[in-house]
Amino acid sequence: MHPSVGLSMARHAPDEGIELGGKFIPRGYRIGMNPAVVHYDKNVFGRDADEYRPERWLVSEEERKVMDKHILTFGAGTRTCIGKNVSRLSQVSETDCWRLICADITGRGSYARP
Ligand code: HEM
């Protein structure tokens, strides 16, 4: 509901320029997406996009995939947040963290999100 970043995360158009949404952006121009705008897109997150309803992620696999593609909490692409997995781990219990780390290291066991 409250995007982590309320500003456009700027990138620069490449030397050859780039076409986005049917418009040509010349080289060097700053372009970016603002999570505070994208996260309220009703076409993606539903008519109640402005309501706190985390259950929306559990309704359908198809909708989840579309929302996952548009979520910008940690940015996206090559400059995505390198701390996002650490941050996500800090949201689960210590025991869950160790289970996940052990399953990752040994390739044994499994981890289900709480
Ligand atoms: C809830 C916690 C956090 C949030 C919401 C967050 C969010 C973000 C966002 C939105 C970006 C910009 C990505 C982009 O431009 O596409 C970013 C970049 C970055 N974050 Fe985080 N971050 C978090 C925690 C962390 C932590 C714990 C670390 C380090 C351990 C970290 C390190 C970085 C770095 C180094 C970048 C720059 C990456 C680059 O430009 O290549 N972040 N983060």
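Mentor: With a definition: helices here are DSSP runs of H or I with at least four residues, and strands are runs of E with at least two. Keep in mind that this is a predicted model.

Trainee: OK. How many helices and strands are there in the protein chain?
Mentor: The protein chain has five helices and four strands.

Trainee: And in what order do the elements run from the N terminus?
Mentor: The order is β-β-β-β-α-α-α-α-α.

Trainee: What share of the residues counts as buried?
Mentor: Of the 114 residues in the protein chain, 3% count as buried.

Trainee: Now the ligand. Which residues come nearest?
Mentor: There are 15 residues around the ligand, and the nearest are Ser4, Gly75, Cys81, Gly83 and Ser87.

Trainee: What is the shell made of, in terms of nonpolar, polar and charged residues?
Mentor: Seven residues of the shell are nonpolar, seven are polar and one is charged.

Trainee: Where does the ligand lie relative to the domains?
Mentor: The ligand lies between domain 1 (1-76) and domain 2 (82-114), because both give residues to the shell around it.

Trainee: Back to cysteine 81. Where is that one?
Mentor: Cysteine 81 sits in the loop that joins helix H3 (61-70) and helix H4 (84-89).

Trainee: Why does cysteine 81 count as partly exposed?
Mentor: Cysteine 81 has 14 C-beta neighbours inside 10 Å. Buried takes 20 or more, and exposed means 12 or fewer, so a count in between is partly exposed.

Trainee: What is cysteine 81 in contact with, leaving aside neighbours within four places in sequence?
Mentor: Cysteine 81 then contacts Phe74 and Gly75. Gly75 is also among the residues that come nearest to the ligand.

Key
Residues numbered from 1 in each chain as written. Predicted model: local features only at pLDDT ≥ 70, side-chain atom pairs only at ≥ 80, totals over all residues. Near = placed C-beta within 6 Å. Nonpolar A, V, L, I, M, F, W, Y, C, P; charged D, E, K, R; others polar. Domains from an automatic or database assignment. Contact = placed C-beta atoms within 7 Å.
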